[in-house]
Amino acid sequence: MTYRYDVITLFPEMFGVLTTCGVTRRAHERGIWQLQTWNPRQFASDRYKTIDDRPYGGGPGMVMLAQPLAQAIDAAQHDQRVAGLPAGRVIYLSPQGRRLDHARVVSLLAEPSLVLLCGRYEGVDERLLNTVVDEEISLGDFVLSGGEIAAMALLDALIRQMPDVLNDAASAAQDSFADVTTGGLLDCPHYTRPEVYAGQAVPPVLLSGNHADIARWRRQQALLSTLSKRPDILARAREAGQLTQADERFLALQSS
Ligand SMILES: Nc1nonc1C(=O)NCC1CCCCC1
């Protein structure tokens with residue numbers, strides 16, 4: 001299955017990072033996913049290629065006009081259909097959206113095509129959201145200069161979960177939140193050469209070659225990290241039945 005992602009953005013050049021760097025580049029070169037960007041300026045109806053205007057009711061900044069965005073979205077979905085794909089679900093990246101998590105990333109892998117809408121300035125005309133946007137997704141409770149970086153983060157998270165993208169399927173599965181919907185923990189610490197750095201030695205168990213001890217140590221470190229940094233995730237893992245009796249025994253020792 002190949003994935004087709006269309007992005008509506010005033011800065012298409014930002015997305016070159018995904019097709020020229022790292023894991024996402026290699027997956028793109030292998031045809032596992034495709035990217036098409038659409039600049040709303042090309043769909044502006046006037047000769048000045050206006051894509052924004054002042055807000056009704058006054059206030060600072062500018063608002064993106066609905067018409068150029070709607071036409072760009074329509075062009076993208078038409079192109080997807082011409083490519084034999086369904087017209088993709090339209091997702092607007094904004095702080096008003098539902099917070100992105102691993103579960104949503106995994107569920108979006110069911111969509112062979114998506115249209116990602118990146119806002120700028122103060123946002124887009126609400127009537128666009130009410131007519132052609134299917135869903136709003138937020139990267140977190142902070143404000144970026146535009147939706148592009150959030151869209152790139154979503155694309156990166158999606159691509160690394162696609163089959164055959166990561167050379168070790170286990171590393172995707174071991175992603176901290178790989179099974180957060182069923183109770184993933186935070187990641188364990190990682191070490192590599194040299195054996196001593198900044199006066200700190202690699203934990204001896206990792207040099208022991210005893211894979212059972214190493215796996216136990218890593219699990220226990222993940223439990224400790226999750227307990228101290230994200231007790232909410234630990235509680236969710238417990239509720240999802242993801243903690244073993246050995247986990248619970250270890251955790252009980254921590255609080256005794
Ligand atoms: N946070 C976020 N998560 O997803 N997007 C975010 C963002 O901060 N986006 C910038 C805003 C800027 C005003 C226009 C609409 C997008």
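1. Start with R127 and D125: their side chains meet in a salt bridge, 2.5 Å from N to O. Keep in mind that this is a predicted model. The two partners sit in contrasting surroundings. R127 is exposed, with a relative accessible area of 53%, which puts it over the 50% cut-off. D125 is buried at 16%, since buried means under 20%.

2. Side chains of opposite charge can pair when their charged atoms come close. If you want another one to look at, go to R4 and D6, where the closest N and O atoms are 2.6 Å apart. Is R4 buried or exposed? R4 is buried, with a relative accessible area of 7%. D6 is buried too, at 0% relative accessibility. D79 also comes into the picture here: R4, D6 and D79 are linked in a network of salt bridges.

3. Next, E248 and R238. They form a salt bridge with the closest N and O atoms 2.9 Å apart. This pair links distant parts of the chain, with E248 in helix 10 (residues 245-255) and R238 in helix 9 (residues 231-239), 10 residues apart. E248 counts as partly exposed at 29% relative accessibility, and R238 gets that label as well, at 40%. Both values fall between the 20% and 50% limits, so neither residue is called buried or exposed.

4. Now the ligand. Which residues are closest to the ligand? Y121, L139, G140, F142 and L144 are, out of 18 residues that surround the ligand. The shell divides into 10 nonpolar, six polar and two charged residues.

5. A backbone N or O atom of L144 lies 2.7 Å from an oxygen atom of the ligand. A nitrogen atom of the ligand is 3.1 Å from a polar backbone atom of G140, and a ligand nitrogen is 3.3 Å from a polar backbone atom of S94. As for cover, the ligand on its own has 390 Å² of accessible area, and the protein covers 95% of that.

6. Where does the shell come from in the fold? The elements that give two or more residues to the shell are strand 5 (89-99) and strand 7 (135-138). Strand 5 supplies the largest share, four residues.

7. F142 sits in the loop between strand 7 and helix 6 (148-159). With a relative accessible area of 43%, F142 is partly exposed.

8. Last, the overall picture for orientation. The protein has 10 helices and nine strands. Its C-alpha trace spans about 70 × 45 × 40 Å along the principal axes. Of the 256 residues, 40% count as buried, and among the residues in this note, R4, D6 and D125 carry that label.

Terms used: Residues are numbered from 1 along each chain as its sequence is written. This is a predicted model: local features need pLDDT of at least 70, side-chain atom pairs count only at pLDDT 80 or more; totals for chains, interfaces and linings use all residues. Side-chain values use heavy atoms; hydrogens and water are left out. A residue is near a molecule or strand if one of its heavy atoms lies within 4 Å of it. A polar contact is a pair of N or O atoms within 3.5 Å; within protein, one must be able to donate a hydrogen and the other to accept it, and residues adjacent in sequence count only if both atoms are side-chain atoms. Accessible areas come from the Shrake-Rupley method with a 1.4 Å probe; for residues, only the protein chains shown count as cover. Ala, Val, Leu, Ile, Met, Phe, Trp, Tyr, Cys and Pro count as nonpolar, Asp, Glu, Lys and Arg as charged, and the others, Gly among them, as polar. Buried means under 20% relative accessible area, exposed over 50%, partly exposed in between (1.4 Å probe, protein chains only). A salt bridge is a side-chain nitrogen of Lys or Arg within 4 Å of a carboxyl oxygen of Asp or Glu.
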